[in-house]
Amino acid sequence: MRVRTDPGFAREQDERDELAGFRSRFVIDDPALIYLDGNSLGRLPVESATRAQRLVGAEWGQRLIRGWNEGWLGLAERVGAKLARLVGAAEDEVIVADSTSVNLFKLVAAALQARPGRTVVITDDLNFPSDVYILQSALKLAGPAHRLEIVRSPDGLTVPIETLAGAIDSDTALVALSHTAFKSGSVYDMATVTAVAHRAGALILWDVSHSVGAMPLSLDQAAVDLAVGCTYKYVNGGPGAPAFLFVRRDLHDRLHNPIAGWFGHQAQFEFTLEYRPAQGIRRFLTGTPSVVSLALIEPGVDLLLEAGLERVRAKSVRQTDYLIALWEALLAPVGFTLHSPRDAARRGSHVSLGHPDGLRIDRALIEQMHVIPDFRYPDHIRLGVAPLYTTYTEIHTAVMALRTVVVERLYEQYPATRRGVT
Ligand SMILES: Cc1ncc(COP(=O)(O)O)c(C=O)c1O
């Protein structure tokens, strides 16, 4: 794409954007607010607000306990089946449950049990730190012989496949990675890495939190064993919405949920004292789901299915390419560095820009420029593009605001102190 840096160019792109109509399907009560944090918490779909009222008022308020037999009991599977279409899986291979962290723990512990004699889990230092904590805690429970090996990225952006492959051998029980890295936004070639793990006899687990809803995924085609993912980012499921897990069908009966609970029981309401796992993906459930949050995931999934992930990805690539072209012309000269891959095929839907005063710039953007990005230590300003509602004009305005904050030294008004959520 040949890019011009004037605002007219952004307007022209918005006019010819075939997904532009989806923006009106979201609640946008302050059109002047430039929201570039859909990679952390997606916007509220209009339909979710309506659904929330019905859920609370009619389903909970009027139907009370009867709600369980009128749809709540099968909700985790029903919404999971829809999410399966976003990740390239069969309907009975995905279920909604718990949080990403808890699902990760369950699947890692199950994988370790399924690979006796192998003691190593491989991950990389681009992974979400909480995922690493979960791996460490699951390994601690597995016994003193088990250990985690963290492959280091040479540049903080990516890990070359050869480096990863060099770490995987006949001791490897599991390779657990984030598909799209939370800081740099770099994306692994899922099929290639999965094949490398399988050649060594290891299982693979992908955390697709920063990919799902931003690009098509092909878990089945890539022969992936296990995956977890988040629904409150590009899926627009709402703050703290439950996560999902994927287990390839032929593994269902071979893996055991380490937090076995009544929702994963074959006959939940027989209340026997003996645990008998349900057939299929349901065995990875544990306890009562958060029905309201779970139900509110569905409108966001429906919007993505309606738009089509190929079109979502095509717009995401165009918009992140545009953002990088603007960075090169307008922001690199005033001290910003690019902390994301330039190659669109290796990049997710956010672009990270580095600056030594990043934290103070982030605050100035939020407090003076009405622009919301987010910030990850030590110096990453993340600009998330959510193609269903992000406009080219917003991207242009945000870049101009970043430039103004630095050129006019507006960030100097803010201390470099950390706050809760950045
Ligand atoms: C890649 C990744 N994995 C896991 C998590 C943790 O998810 P949760 O806190 O919902 O368990 C996050 C949270 O942002 C994430 O970005």
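The model is predicted, and local features need pLDDT of at least 70, side-chain atom pairs count only at pLDDT 80 or more, and totals for chains, interfaces and linings use all residues.

**The two domains**

Begin by colouring domain 1 (7-45 + 308-413) and domain 2 (71-305) separately; these bounds come from an automatic or database domain assignment. The centres of the two domains, taken over C-alpha atoms, are 29 Å apart. Where they touch, 28 residues of domain 1 and 24 residues of domain 2 take part, two residues being in contact if their C-beta atoms, placed from the backbone, lie within 7 Å. On the side of domain 1 that touches domain 2, select α10 (309-331) and β10 (350-354), the elements that give two or more residues; helices (H or I, at least four residues) and strands (E, at least two) are DSSP runs, numbered from the N terminus. The largest share of that side, five residues, comes from α10.

**Helices α3 and α9**

Next, select α3 (residues 75-87) and α9 (residues 298-307), which pack at an angle of about 30° with their axes 10 Å apart. Axes here are lines fitted to C-alpha atoms, for helices over the stretch in contact, and angles run from 0 to 180 degrees between N-to-C directions. The two helices, α3 and α9, are therefore roughly parallel to each other, a description used for angles under 35 degrees. Show the side chains of V79, K82, L83, R85 and L86 in α3, which meet E298, V301, L304 and L305 in α9.

**The ligand and its shell**

Now centre the view on the ligand, which 13 residues surround, the closest being S99, T100, S101, F128 and S209; a residue counts as near if its C-beta atom, placed from the backbone, lies within 6 Å of the molecule.

**Helices α4 and α5**

Finally, keep α4 and α5 selected, and look along their axes, which come within 9 Å and cross at roughly 40°. To see how they meet, show S101, L104, F105, V108, A109 and L112 in α4 against residues of α5 including S130, D131, I134 and L135. One of these α4 residues, S101, is also among the residues closest to the ligand.

Notes: Residues numbered from 1 in each chain as written. Parallel < 35°, antiparallel > 145°, perpendicular 65-115°, else oblique.
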